[in-house]
Amino acid sequence: MKTDGILLDLDGTLWDAVEGVLVAWNEVIARHPGLRPPLTAEELRGYMGLPMDEIARRMFPRQTEGEQAQLMDACCQREHEYLAVHGGRVFDGVEQTLAQLSRRFPLCIVSNCEDGYIQCFLQVTGLGKYITDFESFGATGLSKGENIQLVARRNGLQAPIYVGDTAGDQQAARQAGVPFVFAQYGFGQAHQPDHTIGSMADLPGLLQD
């Protein structure tokens with residue numbers, strides 16, 4: 001597969017931070033008795049890849065839009081504090097593969113997360129030295145497909161690819177008009193992706209300059 005740049009999803013593709021996010025968000029929920037039952041890991045994984053406003057609607061369906069936004073802001077603030085100390089689990093082969101690929105291609109992250117989450121990931125893992133650019137729903141308010149297009153334009157990419165682990169990632173790649181590589185080790189499923197990898201270490205074998 002020929003490419004001039006690689007765009008990457010974050011959760012389920014580069015790392016698994018579910019355990020830390022679960023702790024942080026449940027701390028916020030516990031501050032509001034009767035708000036809702038504690039989150040489970042299964043429920044949280046089901047939210048991965050969704051825009052933050054959609055997650056807020058699903059988590060807090062009885063609250064107003066303004067209340068949902070305030071609660072989600074509190075969850076994200078506590079999440080950043082927790083992950084900055086405890087981090088998440090970077091998937092096997094990620095650092096070695098990013099180091100290898102960064103010598104050949106620009107590497108960018110595009111996620112539906114809140115603003116600040118990608119920055120937290122890059123700082124706590126030390127992987128920022130391999131990443132050329134990043135964008136998020138929280139920073140732009142745009143869909144993932146639109147952010148893929150934005151980052152590609154910003155970096156002058158003519159033939160980028162997108163690597164992700166959910167059907168939503170595949171849909172975003174299709175919307176952006178770029179090939180989709182499915183990370184099957186992640187959180188979700190995909191239907192007839194352009195390519196599939198069983199670990200991040202498989203990615204270089206698919207690519208040509």
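Tutor: Two strands pair if DSSP finds at least two bridges between them. Helices (H or I, at least four residues) and strands (E, at least two) are themselves DSSP runs, numbered from the N terminus. We're looking at a predicted model, where local features need pLDDT of at least 70 and side-chain atom pairs count only at pLDDT 80 or more, while totals for chains, interfaces and linings use all residues. Residues are numbered from 1 along each chain as its sequence is written, and side-chain values use heavy atoms, with hydrogens and water left out.

Student: OK, what is the order of the strands in the open sheet?

Tutor: The 6 strands run S5-S4-S1-S6-S7-S8, with parallel pairing. From one strand to the next, the twist averages 25 degrees.

Student: Why are S5 and S8 called edge strands?

Tutor: S5 (133–136) and S8 (195–197) each pair on one side only.

Student: How do you know that S1 pairs with S6?

Tutor: Count the bridges: S1 and S6 (residues 160–164) have 4 of them, in the parallel sense. Pairing asks for at least two, so they qualify. One spot to look at is Leu7, which stands opposite Tyr162 in S6.

Student: And what makes S1 and S4 a pair?

Tutor: S1 and S4 (residues 107–111) share 3 bridges, again parallel. Here Leu8 stands opposite Ile109.

Student: How many bridges join S6 to S7?

Tutor: There are 3, and the two strands run parallel. Gly164 has Phe182 as its bridge partner in S7.

Student: What makes S6 "mostly covered"?

Tutor: 5 of its 5 residues are buried, and buried means under 20% relative accessible area (exposed is over 50%, partly exposed in between; 1.4 Å probe, protein chains only). Pro160, Tyr162 and Gly164 point one way, Ile161 and Val163 the other way.

Student: Why is Phe60 called buried?

Tutor: Its relative accessibility is 1%, so Phe60 counts as buried. Phe60 sits in the loop between H3 (52–59) and H4. Leaving aside residues up to four places away in sequence, Phe60 touches Ile29, Leu35, Arg36, Gln68, Leu71, Met72 and Cys75; touching, or contact, means heavy atoms within 4.5 Å. The C-alpha atoms of Phe60 and Leu71, 11 residues apart along the chain, are separated by 8.4 Å.

Student: How do you know that the buried residues of H9 line one face?

Tutor: In H9 (residues 167–176) they are Asp169, Gln170, Ala172, Ala173 and Ala176. Seen down the axis of H9, they fall within an arc of 160 degrees, so they line one face; the arc is that of the directions from the helix axis to the C-beta atoms. They pack against H8 (144–154), S6 and S7 (180–183). Just after H9, Gly177 takes a positive phi of about 75 degrees.

Student: What puts the buried residues of H8 on the same side?

Tutor: Lys144, Gly145, Asn147, Ile148, Val151 and Ala152 are the ones that are buried in H8. They cover an arc of only 160 degrees around the axis, which puts them on the same side of H8. Their packing partners are S1, S4, S5, H7 (137–140), S6 and H9.

Student: Why are H4 and H6 called roughly parallel?

Tutor: The axes of H4 (residues 65–86) and H6 (residues 117–125) come within 9 Å and cross at roughly 10 degrees. Axes are lines fitted to C-alpha atoms, for helices over the stretch in contact, and angles run from 0 to 180 degrees between N-to-C directions. Angles under 35 degrees count as roughly parallel (over 145 roughly antiparallel, 65 to 115 roughly perpendicular, the rest oblique). H4 and H6 are therefore roughly parallel to each other. Glu79, His80, Leu83 and Ala84 of H4 meet Tyr117, Cys120 and Val124 of H6.
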